Amino acid sequence: MSRAEVVIDLDALRHNVSLLVERAGGADAMAVVKADGYGHGAVRVAKAALEAGVSWLGSCSLDEALTLREAGITAPILSWLDGPDCDMSAAVDERIDIGVSSVEQLRPLSGARVHLKVDTGLSRNGCPLESWPDLVRAAAASDNEVYAVWSHLACADDPGHPSIDEQAKRFGEAYDIALAAGLEPKRHLANSAATLNRPDLHFDMVRLGIAMYGLNPLAQEEDLRPVMSFRSEVALVKRIRAGESVSYGQTWTATRDTTLALVTAGYADGVPRLLSNRMDVLLAGARRPIRGRVCMDQIIVDCGDAAVAEGDEVVLFGSAARGEPTATEWAETIGTIDYEIVTGMYRPRVRRRYLG
């Protein structure tokens with residue numbers, strides 16, 4: 001093993017995709033592989049997701065989409081967030097669909113296939129409702145093909161939140177305006193959470209994001225399997241006496257004689273420093289606590305009187321079903337979301353290894 005590695009289980013990903021495609025109820029499914037596949041590796045994830053039943057891929061930027069094309073992937077790809085200086089001619093040449101949120105974004109496009117995005121309440125990307133008729137008319141008069149109308153839900157991970165129905169209502173109104181302008185677009189609105197709990201919003205396509213990677217956006221139980229695990233190994237074992245302290249600032253002091261294991265992963269490898277004295281790892285068959293501050297290159301694990309040895313595998317996060325800490329547990333401990341944990345694992349000195 002290298003000093004730190006993420007292991008990507010493509011069979012777990014295929015399982016998750018198959019489950020989500022089934023839940024989509026006949027709608028097409030798009031695998032969102034932006035941010036290098038949420039840190040899992042966009043090309044490998046995309047190919048596995050296509051094998052498991054998705055028909056579309058989603059990327060944030062044109063560069064990300066072109067990377068997929070360069071890898072030989074021919075499936076439809078939607079790219080939706082580039083700056084005004086981006087030359088979109090390659091999108092037309094490589095048959096990459098473009099998300100359009102304004103007349104200004106539409107104007108330089110010619111011969112493209114576009115998805116018109118309406119802002120239904122997220123107030124992020126998307127055309128404001130008051131400007132929507134202008135965008136629809138401009139798109140209808142252009143030589144671009146309007147493939148779809150789409151939007152994005154703000155609170156789908158909070159079932160029952162009133163904004164979900166309000167956004168759905170606004171989306172329906174925007175679609176009717178597109179129809180009145182002579183367009184016949186498809187519709188997509190549902191993200192992972194809505195794919196799982198709002199079948200009425202599946203329309204023509206759903207977009208599979210975090211759930212595809214085995215992280216559940218909902219409180220309800222789902223048969224999703226974490227795709228990424230983060231592992232390292234023991235580099236040194238030592239015994240310290242009661243009263244000795246550990247790591248910078250000496251924020252933890254042993255109350256009894258204990259065995260410490262030095263593990264070669266730190267905040268430069270994706271272990272948040274905020275987890276100092278607040279996390280466990282799986283080592284030698286049990287969860288064991290981190291002691292002292294997380295350092296740039298290493299953490300210290302308190303092993304008590306357990307027999308541990310140099311070279312023993314350490315699982316920093318993985319699957320709860322295997323008794324391992326999870327990325328969601330890390331996120332909840334430090335007040336963030338598991339999206340940030342897994343996407344943050346794309347680091348130069350963390351090896352990525354694939355199973356399945």
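Mentor: Let us begin with a definition: a disulfide is counted here as a pair of cysteine sulfur atoms within 2.5 Å. Please keep in mind that this is a predicted model.

Trainee: How many disulfides does a search of the whole structure find?

Mentor: In general, a disulfide is a covalent bond between the sulfur atoms of two cysteines. In this case the search of the whole structure finds zero disulfides. Take C60, whose sulfur is 11 Å from the closest cysteine sulfur, that of C86, and therefore too far away for a bond. For C295 the closest cysteine sulfur is in C303, at 16 Å, which is again too far for a bond.

Trainee: Are C60 and C295 buried or partly exposed?

Mentor: A residue counts as buried when its relative accessible area is under 20%. C60 has 21% and is partly exposed, whereas C295, at 12%, counts as buried.

Trainee: Which residue does UniProt list as a modified residue?

Mentor: An unreviewed UniProt entry lists K34 for "modified residue: N6-(pyridoxal phosphate)lysine". In the model, K34 lies in helix α2, residues 34–38, and counts as partly exposed because its relative accessibility is 29%.

Trainee: How should I read the helix α10, and which of its residues are buried?

Mentor: An α-helix has 3.6 residues a turn, so residues three or four places apart point the same way. In α10 the buried residues are A327, W330, A331 and I334. They cover an arc of only 95° around the axis, which puts them on the same side of α10. What covers these buried residues includes β10 (228–240), β17 and α11 (338–343). After α10 comes G335, whose phi is positive, near 80°.

Trainee: How many salt bridges does the structure hold, and which distant parts of the chain does the pair of R23 and E222 link?

Mentor: The structure holds 21 salt bridges. In one of them the side chains of R23 and E222 meet at 2.9 Å, N to O. This pair links distant parts of the chain, 199 residues apart, with R23 in helix α1 (residues 10–23) and E222 in the loop between β9 (205–208) and β10. R23 is partly exposed at 31% relative accessibility, whereas E222, with 16%, is buried.

Trainee: With which side chain does E329 meet in a salt bridge?

Mentor: E329 meets R287 in a salt bridge at 2.4 Å, N to O. Here E329 belongs to helix α10 and R287 to strand β15 (residues 286–289), 42 residues apart. R287 also meets D280 in a salt bridge, at 3.5 Å, N to O. E329 is partly exposed at 28%, R287 is partly exposed at 34%, and D280 is partly exposed at 25%.

How values were computed. Residues numbered from 1 in each chain as written. Predicted model: local features only at pLDDT ≥ 70, side-chain atom pairs only at ≥ 80, totals over all residues. Heavy atoms only, no water. Buried < 20%, exposed > 50% of the residue type's maximum accessible area, 1.4 Å probe, protein only. Helix = DSSP H or I, 4+ residues; strand = E, 2+ residues; numbered from the N terminus. Arc of directions from axis to C-beta. Contact = heavy atoms within 4.5 Å. UniProt positions renumbered as here; feature names shortened; annotations may be inferred. Salt bridge = Lys/Arg side-chain N within 4 Å of Asp/Glu carboxyl O.
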